[in-house]
Amino acid sequence: MCIIAIKEKGIEMPSEEILETMFRHNPDGAGFMYAKDGHVYIRKGFMTYRAFKRAIDKLGNIRNIPLVMHFRIATSGRIDAGTCHPFPISNKRKALRKTDLITDIGVVHNGIIPITAPGNMSDTMQYIAGRLYYYQKLQQNFYVQNSYMERIEKEIQSKMVFLTSSGNIYKIGDFITDN
């Protein structure tokens, strides 16, 4: 199953050994998102650890930047750069597949969502386009509403993380913490 690694603001990055181990055990691509200057930046599609590490290193000193990383094991959809996480909340396939973008909120998922995804979309991409996009249309900040988060948790039966442009992190599911 995929790995989501959350680095909160003010926390050091995991060691290179830990990052490389997460990538090696989840070899179908990686990506990350971070909040800075009122935006969420998404970078994904790293199919080698070296490319992933190089992109992380380009960020410079990120101690005071919230960062969410995702290391993928494909369960549905293609194994390619565009199917890697994170994703913006959109109902457009082209936007979901972008590997370098700026948005207001990003999302990563860990698990298998019990839905059928058409064509080359993953279950996560389909869920974002078919559910989260519409939840956001109904309630802009749905991720702070318990009723929405409980509904999402029942629907996905797994883990999900949202990162907002203000740097807030919202989690669904049980996470192991190591501070």
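The peptide bond joining His85 to Pro86 is cis, with omega at about 5 degrees.

Quick housekeeping. This is a predicted model, where local features need pLDDT of at least 70 and side-chain atom pairs count only at pLDDT 80 or more, while totals for chains, interfaces and linings use all residues. Residues are numbered from 1 along each chain as its sequence is written, and side-chain values use heavy atoms, with hydrogens and water left out.

Asp37 is in the loop between strand 2 (30–36) and strand 3 (39–46), and its phi is near 55 degrees, a positive value in a residue other than glycine. Gln157 is in the loop between helix 5 (146–156) and strand 8 (159–164), and it too is not a glycine but has a positive phi, about 50 degrees. Buried or exposed, these two? I'm calling a residue buried under 20% relative accessible area, exposed over 50%, and partly exposed in between, using a 1.4 Å probe and protein chains only. Asp37 has a relative accessible area of 63%, so it is exposed. Gln157 comes in at 59% relative accessibility, so that one counts as exposed as well.

On to the helices. Which residues of helix 1 are buried? They're Leu19, Met22 and Phe23. Down the axis of helix 1, those buried residues fall within an arc of 95 degrees, so they line one face of the helix; the arc is that of the directions from the helix axis to the C-beta atoms. Over on the other side of helix 1, Glu17, Arg24 and His25 are exposed.

Now helix 5, where Tyr148, Met149, Ile152 and Ile156 are buried. These cover an arc of only 95 degrees around the axis, which means they sit on the same side of helix 5. Asn146, Ser147 and Lys154, on the other side of helix 5, are exposed. As a reminder, an α-helix has 3.6 residues a turn, so residues three or four places apart point the same way.

Let's talk rings. My rule is that rings of Phe, Tyr and Trp (its six-membered ring) pair if their centres lie within 6.5 Å, with planes under 30 degrees apart counted as stacked, over 60 as edge-to-face and the rest as tilted. That rule gives 15 aromatic pairs. One of them is Phe23 with Tyr49, edge-to-face, at 6.1 Å centre to centre and 65 degrees between the planes. This pair links distant parts of the chain, with Phe23 in helix 1 and Tyr49 in helix 2 (residues 49–58), 26 residues apart. Both Phe23 and Tyr49 are buried. Ring pairs also link a cluster made of Phe23, Phe32, Tyr34, Tyr41, Phe46, Tyr49, Phe52 and Phe71.

There's a charge over a ring, too: the charged end of Lys159 sits over Phe175, 5.3 Å from the ring centre. The cut-off there is NZ of Lys or CZ of Arg within 6 Å of the ring centre and within 35 degrees of the ring normal.

On a 1 Å grid over the protein atoms alone, a cavity is a set of points where a 1.4 Å probe fits but cannot get out, and a pocket is an open set with protein on both sides within 12 Å along at least five of seven lines; lining residues have an atom within 4 Å of a point. Grid points are joined across faces, edges and corners, and a volume is the space filled by probe spheres set on the points.

How big is the largest pocket in volume? About 730 Å³. Its lining has 21 residues, of which Ala5, Ile6, Ile176, Thr177 and Asp178 lie nearest the centre. Strand 1 (3–7) and helix 1 (16–25) are the elements that give two or more residues to that lining, and strand 1 supplies the largest share, 5 residues.

By the rule there's 1 cavity of 30 Å³ or more, and the largest cavity has a volume of about 60 Å³. Among the residues lining the largest cavity are Cys2, Arg72, His109 and Asp123, and His85 is there too.

Methods
Helix = DSSP H or I, 4+ residues; strand = E, 2+ residues; numbered from the N terminus.
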